[in-house]
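Thanks for coming. I will go through one model this morning, starting with its core and ending with a few single residues. Please have the structure open as I talk.

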Amino acid sequence: MPDRTHDFGHYGARGERGSEAAARVLDSLVDGIASPVTSSRGLSARLRYLTRSAAGHDAMREAGITVTPRTLKAWLTGKQHPNKANMAKIDAAYWTLRRRNVARYLLKRLNTSGGTRVEIHPLDQSHVPVPHQRVLEYRRLNIRNWDAIVDAWSRGDAQALDNAWIDQMVNLGSQWGKYEYVASVGFAA
């Protein structure tokens, strides 16, 4: 059985970790407020979403937003605007909370009917010298249990996500190590 890749790209291969590609697909499945945080509408909507629950207040605290209740109320009423650093923190807190709230729904959809089929596109070897190129083909894998992947993604834990992703890639067989790094991953929920 192959081991994890320690020196990816040494011969010029291009790609990204499969877990990072999967996280990007999961992020694309999460709908949210379309208006940017820099617009008054986008800022107001994010603040309302964050301040209507204890989980939202926790997400703001985790993002590093430490303002008084009076300042927060001024932001909500539009009498005062946060600085750029706080706007970035508000946006990060919003997406973190949104990811957590949607995770349960995504997990249900991904695990339904025996799992979800994943398409794995192999890494780009166009810059790798011919003697060092591998024979790689497009692969499909049906992931039946997404619990660990979605949990790690919703918490933003990249290492746990990578471990959970590799645990599923092992189901490709003895050559799973060829697909630790990929050009892209595709699935729909």
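The largest nonpolar core here has 33 residues, and Trp146, Trp153, Trp165 and Phe187 are those with the most contacts inside it. By nonpolar core I mean a set of buried Ala, Val, Leu, Ile, Met, Phe, Trp, Tyr and Cys residues joined through side-chain atoms within 4.5 Å. Buried is under 20% relative accessible area, exposed is over 50%, and partly exposed is in between, with a 1.4 Å probe and protein chains only. At least two residues of this core come from each of H1, H5, E2, E3, H6, H7 and E4. Those labels are DSSP runs numbered from the N terminus: helices are H or I with at least four residues, strands are E with at least two. There is also a second, separate core of 15 residues, with Leu47, Tyr49, Trp75 and Tyr94 among them.

Before going on, the ground rules. This is a predicted model, in which local features need pLDDT of at least 70 and side-chain atom pairs count only at pLDDT 80 or more, while totals for chains, interfaces and linings use all residues. Residues are numbered from 1 along each chain as its sequence is written, and side-chain values use heavy atoms, with hydrogens and water left out.

Leaving out residues up to four places away in sequence, Trp153 touches Ala23, Leu26, Asp27, Val30, Arg99, Ala103, Leu106 and Leu161. Touching, or contact, means heavy atoms within 4.5 Å. Trp153 is one of the buried residues of H6, along with Ile149, Val150, Ala152 and Ser154. What do the buried residues of H6 pack against? They pack against H1, H5, E3 and H7. Just after H6 comes Gly156, with a positive phi of about 75 degrees.

Helix H1 covers residues 18-28, and its buried residues are Gly18, Ser19, Ala21, Ala22, Ala23, Val25 and Leu26. The buried residues of H1 pack against E1, helix H5 (84-111), helix H6 (147-155), helix H7 (158-169) and E4.

Leu161 sits in helix H7. With a relative accessible area of 7%, Leu161 is buried. Its contacts, not counting residues up to four places away in sequence, are Ser19, Ala23, Ile149, Ala152 and Trp153. Leu161 and Gly18 are 143 residues apart in sequence, and their C-alpha atoms are 9.8 Å apart in space.

Now the sheet. It is open and has four strands in the order E1-E4-E2-E3, with antiparallel pairing. The edges are E1 and strand E3 (139-143), each of which pairs on one side only. Two strands count as paired if DSSP finds at least two bridges between them. Strand E1 (residues 16-17) is joined to strand E4 (residues 181-186) by two bridges, and Arg17 stands opposite Tyr181 there. How many bridges hold strand E2 (residues 116-122) to E4? The answer is four, again in the antiparallel sense. In that pair, Pro122 faces Val182 and Glu119 faces Gly186.

Next, a helix pair. Helix H2 (residues 40-51) and H5 pack at an angle of about 50 degrees, with their axes 10 Å apart. The axes are lines fitted to C-alpha atoms, for helices over the stretch in contact, and angles run from 0 to 180 degrees between N-to-C directions. H2 and H5 are therefore oblique to each other; under 35 degrees would be roughly parallel, over 145 roughly antiparallel, 65 to 115 roughly perpendicular, and the rest is oblique. On the H2 side, the contact includes Leu43, Arg46 and Leu47, and on the H5 side it includes Met87, Ile90 and Asp91.

Beyond residues up to four places away in sequence, Arg46 touches Ile33, Ser35, Pro36, Val37, Ile90, Asp91, Tyr94 and Trp95.

Ser113 lies between H5 and E2 and has a positive phi of about 55 degrees although it is not a glycine. At 74% relative accessibility, Ser113 counts as exposed. Arg134 is in the loop between E2 and E3 and, at 43% relative accessibility, counts as partly exposed. The C-alpha atoms of Arg134 and Lys178 are separated by 8.3 Å, with the two residues 44 apart along the chain.
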